[in-house]
Amino acid sequence: MKDTYLRTQLGTAFLVASTLTSSWAQTTTLTGFTPARQATQLKIEADFKSKQSSAAFKNHLEKLCSAPHITGSPENEKVRDYIAETMRKAGWQVDIYPHDVLLPKGPGDIAVELVNPVRQPLNIREFLFKEDKYSSDPRLTPGYNAWSGSGDVTAEVVYANYGRKEDFEQLAAMGIPVKGKIVLARYGGNFRGYKAQFAQAAGAAGVIIFTDPADSGYMRGLTFPEGPFYSESVIQRGSLLTTPYTGDPLTPGEPALPMDAKNTPKRLDQNAVGLHKIPVTPLPYGSATEILKRMTGLRAVPAGWQGGLPYTYRLEGGPDLKVRLMVRQEKTIQRIYQVVGTLTGSEFPDEWIIAGCHYDAWGYGATDPNSGTAMLLSMTESLGKLAKAGQKPRRTIKVCHWDAEEPGVIGSAEWSEQFRDELTQKAVAYMNYDAAVSGRKFGASASPSMKKLIIEATQSVDYPDSNKTVYQTWLGNNANNNPTRVTGSSAPAVQAGEPSIGNLGGGSDHIAPYMHIGIPALSAGMEGPTLYHSQYDDLYFYDKFSDPTYKMGPMMEQIVGTMTLRLANADLVPYDVARYPTDLAVHLKAAEKAIQAYAPTYSIAPLLSTVADMKKNADACELARQNYLKAGRTDKLVELNKELRLLERSFIDPKGNAFGAWYRSLYASSDPNSGYASWMLPALLYEASIKSTANLPDIEGRYKKAIQTLSDKLMTLSQGMGSPSAIGGGNR
């Protein structure tokens, strides 16, 4: 049935039944638009939504994923060229920005073997499957971790659960020595780089990371190739980079311009950066079981540490079990390329709407990242057709394809540093679509001002083969559906009757725009089964498990295109200004709870009072905007939109955060102890993480200043739109 469907459908334009009905168009109100402009916008969106094609999306995905293309490879440069040529043909200006950054030269040499009680080499490569023709490509690498230290060690083994900070603390509390041992830790719970960092700090000789079947293998369902879960040879590759900043390790805070450029920055000494020194490598659970089943330590693991392999997990391997771990991984400066397509705005060219996704992969990258890349390429073609027909966006749209995300979110950080001043003044929003079409379940994470945009866009797009909108299916899932790599650890601030929209954490290219520069940001996409960072993330897997219908790509393009066009064409940028105090109050109370765990009398009440005052100005600003737009006013748009763009920058503090000054946002950062999770109000949460109160007066002062600055900006906006002065909150 699938093949019949593809033969009959892929050659025709994909028309999700989402052309706006007249009744919907008559009853909806688009945030940020005057009535006259709204009517025009709805016609533009209807025209845009007639241009999606399953065939186009599938063709782009096949071209992008025809070969493995890791960072720095010739195949990755071919992907770069395909992206650039596709956007040029669609009528976009294309610029390619080179950066010279420190990177590992591939996996290097790796060996893992049992030495005692038997001599046995352990498998470090995925199996070949006849069903999956892509699995036999000789360009596929063994499983490896980028930024491993180099070394050749033979030692006893210690099992450290997920290798989290609290796991190593528990090992110490139980009297289990780690020094001189090889740590065996399972994937999950934190960023793999912190597993290595905590192990090295504890004196470990090396680290082996494996995917446990309880987390992603046969205990979850049928395994690959029969099903979508990890089978015994599947290996999760990934970066270990844990510098206290994002981007090139040698040029913190500065763009890594080409070495031959006149203004190239002075680079740090590689040995002074603090890269991991011990060898680290991933294994499949088929290899890890050879170690675990031979562990003879006298103590079983505590509750919650047992995995899914058919043995009682033990804390120590015992003196008779010796494992050899060898990694030799060279690092050198290599050139990477950011590909940026620009569709210049017809009225406000210096106001930038930015969408992005990286293009480098650990193998083929069919879901991660290139389902997002293919979708964005299709969108550039659709928007290009609109522009050629005279429907150019009012604001400039930039679609960015980043390099070297997989080794450490490097390309987007370097570009953001290179254009930091311009982005501070011009950027309206950054929208990240890493792996955005990986399945059939929608999810999103966002800064407060972007949440309403997501909700309204999903309400205007129909979900294929149903009588529901994407929003209705999202709401019906009744769960936290946020993209896996950007879910937040703190609870999302959910309003009654809406789906859960998560907080942006670490792990992808929104980090620099949002957490370093202060650009309102979101990450959204369709989730599904994944063989994350394995060689099987290929077209066979995508066609069988991710979306055999190829309808999700065009549907996601409609959502993304709708958000992009609304940001680009609105009279007043459609931020949800009233959401700031709501979310702030939730996060302040969460921070208070974390601090009260060790300082029971601590109170966040003074900051909550400042937020309550700000709420008056936020509500007044929203009312003023509605009245301004209902009256059909378009005066002072440049000035008002500049003030709107600078709202989020209120949280940017030049002092930055204690765990890393590069992370300048006081509102959000990635969790420096887990990597992927979000820290909302990170200066407060860092103080809580070290169980300190010494710095709270200074931290509270910085937050009060940021909140007051935002409040004052909201009052200024209200007054600029002709609102009566808000009561309270605006006067110092």
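1. Leu184 is buried, with a relative accessible area of 1%; buried here means under 20% relative accessible area, exposed over 50% and partly exposed in between, using a 1.4 Å probe and protein chains only. The residue sits in strand 7 (residues 182-186). Strands (E, at least two residues) and helices (H or I, at least four) are DSSP runs, numbered from the N terminus. Setting aside residues up to four places away in sequence, Leu184 touches Val157, Val158, Tyr159, Ala160, Asn161, Ile208, Phe210, Ile291 and Leu292, where contact means heavy atoms within 4.5 Å. Between Leu184 and Val157 there are 6.8 Å from C-alpha to C-alpha, and the two are 27 residues apart in sequence.

2. A word on the basis: this is a predicted model, in which local features need pLDDT of at least 70 and side-chain atom pairs count only at pLDDT 80 or more, while totals for chains, interfaces and linings use all residues. Residues are numbered from 1 along each chain as its sequence is written, and side-chain values use heavy atoms, with hydrogens and water left out.

3. Ile291 deserves a look of its own. Leaving aside neighbours within four places in sequence, Ile291 is in contact with Leu114, Leu122, Val157, Leu184, Ile208, Leu283, Leu321 and Val323. Strand 5 (151-155) and strand 11 (residues 322-328) run antiparallel and are joined by five bridges. They belong to an open sheet of four strands in the order 3-2-11-5, with antiparallel pairing; strands count as paired if DSSP finds at least two bridges between them. Strand 3 (120-121) and strand 5 are the edge strands, each pairing on one side only.

4. Seven strands form an open sheet with mixed pairing, in the order 1-12-14-13-15-17-16. Its edges are strand 1 (93-104) and strand 16, each of which pairs on one side only. From one strand to the next the twist averages 20 degrees; angles run from 0 to 180 degrees between N-to-C directions, and axes are lines fitted to C-alpha atoms, for helices over the stretch in contact.

5. How many residues of strand 17 (residues 521-527) are buried? Seven of its seven are, so to speak, under cover: the strand is mostly covered. Strand 15 (residues 427-432) pairs with strand 17 in the parallel sense over three bridges, and Tyr430 stands opposite Ala521. Strand 16 (residues 441-446) runs antiparallel to strand 17, with six bridges joining them. Here Ser445 faces Ser523 as its opposite residue, and Lys441 stands opposite Glu527. Helix 13 (residues 451-459) packs on the sheet and touches strand 16 and strand 17, its direction making about 160 degrees with that of strand 16.

6. Ser500 and Ser445 are 55 residues apart in sequence and 8.6 Å apart in space, C-alpha to C-alpha. Ser500 lies in the loop between helix 14 (470-477) and helix 15, and counts as buried at 13% relative accessibility.

7. Helix 11 (residues 411-418) is largely enclosed by the rest of the structure, because seven of its eight residues are buried. These are Gly411, Ser412, Ala413, Glu414, Trp415, Ser416 and Glu417. The cover includes strand 1, strand 12 (331-343), strand 14 (395-402), helix 12 (420-426) and helix 15 (511-517).

8. Finally, a helix pair. The axes of helix 3 (residues 35-48) and helix 17 come within 10 Å and cross at roughly 150 degrees. Helix 3 is therefore roughly antiparallel to helix 17; the label applies over 145 degrees, with under 35 roughly parallel, 65 to 115 roughly perpendicular and the rest oblique. On the helix 3 side the contact is made by Arg37, Gln41, Ile44, Glu45 and Phe48, and on the helix 17 side by Glu557, Gln558, Gly561, Thr562, Leu565, Arg566 and Asn569.
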